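Colleague: I have the model open and would like to go through it piece by piece. Could you take my questions in order?

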Amino acid sequence: MSIATAAVFCGSRHGDLSGYAEAARALGSALAHAGVRLIYGGGAVGLMGEVAGAALAAGGAVSGIIPDFLHTREVMHHGVDELVVTGSMHERKALMFARAEVFLILPGGLGTFDELMEILTWRQLGLHDKPILIVNVLGWARAVITMLETAVEQGFAAPSTRGLYEVVPDVPAALARLQALNPVAEASESARF
C-alpha cells in the first residue's frame, strides 16, 4: 500500500500538556518529509494549527477542510496550499474521508471523538477498510479505549470491533506503523518517516 494522503483528526485547542503540541508538530513534519499530503480540519488554532504549521514549514502539501460556520471559531488557516470551505460538518467529514487513505487520531475533544466514532462506524459497516490509528499521546485516549472495550465486553459491539482500529502509544510508533503500511516510502531516500 502506498500512502499519499493521511487525515489527522485532532483538537482545536492545545490541551494542558505541552507534549500534545510537540506530538502534533512531529507528526506534521514527518508526513511532509515522507511526501504524504496532510488532510485536516482547516483550522489555524490548537493542535490543528500545530500539525498544519509543521507540515507547511517542512515543505509539505496540506489540504484544510472546514465548514463555513467555523470560519471564525477555528480561524481558517489561509497558509495551506488548499483550503476547502464546506456547507456543513457532515460535508467536511465526508470530504476528509474521501480524500484520506489512513486516519490518525491525535489528542482532542468532542469534535475529535465524533470524527473517530464516525470513521470507526463506517469501517464497521464495511464502507471502507482504511487504517485507523489512535495515537495515545501521553495517555490522552485511555478513556476512549476503555469505552470501546466496555462496549465489546458488555455485548454492544462484536469482538471483531477491536480489529477496526489500532492503538499506538506515541507519534514515533504511529510513524513506524505508517512506514509498514507504505512500502514505497522505504525505497525512497527522500520519503522518510
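Colleague: Where is G126 found?

Modeller: The model is predicted: local features need pLDDT of at least 70, side-chain atom pairs count only at pLDDT 80 or more, and totals for chains, interfaces and linings use all residues. Residues are numbered from 1 along each chain as its sequence is written, and side-chain values use heavy atoms, with hydrogens and water left out. Helices (H or I, at least four residues) and strands (E, at least two) are DSSP runs, numbered from the N terminus. G126 sits in the loop between α4 and β6 (132–135).

Colleague: Is G126 buried or exposed?

Modeller: Buried means under 20% relative accessible area, exposed over 50%, and partly exposed in between (1.4 Å probe, protein chains only). Because the relative accessible area of G126 is 59%, this residue counts as exposed.

Colleague: How far apart are the C-alpha atoms of G126 and G64?

Modeller: G64 is part of strand β3, where V62, G64 and I66 are buried on one side. Along the chain, G126 and G64 are 62 residues apart. Between their C-alpha atoms the separation is 26 Å.

Colleague: Is R123 buried or exposed?

Modeller: R123 belongs to helix α4 (residues 110–124). Contact means heavy atoms within 4.5 Å. Leaving aside residues up to four places away in sequence, R123 touches H128, D129, K130, P131, I132, G163, L164 and Y165. Because its relative accessible area is 16%, R123 is classed as buried.

Colleague: Which residue of β2 is the bridge partner of A6?

Modeller: A6 lies in β1, where both faces are covered: T5, A7 and F9 on one side and A6 and V8 on the other are all buried. Two strands pair if DSSP finds at least two bridges between them. β1 and strand β2 (residues 37–40) run parallel and are joined by three bridges. The β2 partner of A6 is L38.

Colleague: And which residue of β3 is the bridge partner of L38?

Modeller: β2 and β3 also pair in the parallel sense, over three bridges. Strand β3 (residues 62–67) has six of its six residues buried, so it is largely enclosed by the rest of the structure. The β3 partner of L38 is V62.

Colleague: How many residues are in the largest nonpolar core?

Modeller: In soluble globular proteins, nonpolar side chains tend to be buried together. A nonpolar core is a set of buried Ala, Val, Leu, Ile, Met, Phe, Trp, Tyr and Cys residues joined through side-chain atoms within 4.5 Å. In the largest one, V8, L38, L104, L106 and L178 have the most contacts inside the core, and its residues number 58.

Colleague: Which helix gives the largest share of this core?

Modeller: One of the residues with the most contacts in the core is V8, which touches L27 and L31, among others. The largest share of the core is eight residues, and these come from helix α1 (residues 18–33).

Colleague: What is the volume of the largest pocket?

Modeller: On a 1 Å grid over the protein atoms alone, a cavity is a set of points where a 1.4 Å probe fits but cannot get out, and a pocket is an open set with protein on both sides within 12 Å along at least five of seven lines; lining residues have an atom within 4 Å of a point. Grid points are joined across faces, edges and corners, and a volume is the space filled by probe spheres set on the points. The largest pocket comes to about 470 Å³.

Colleague: Which residues are the closest to the centre of this pocket?

Modeller: The pocket is lined by 25 residues, and α4 gives the most, with four. The closest to the centre are G11, S12, R13, G109 and G111.

Colleague: Which element gives the most to the lining of the second largest pocket?

Modeller: The second largest pocket holds about 160 Å³ of space. Its lining includes M117, L120, L148 and L164. α4 and α5 (142–153) each supply at least two residues. With four residues, the element giving the most is α4.

Colleague: What is the volume of the largest cavity?

Modeller: The count comes to one cavity of 30 Å³ or more. F9, K93, E115, E118, I119 and W122 line the largest cavity, and four lining residues come from α4. The volume is about 30 Å³.
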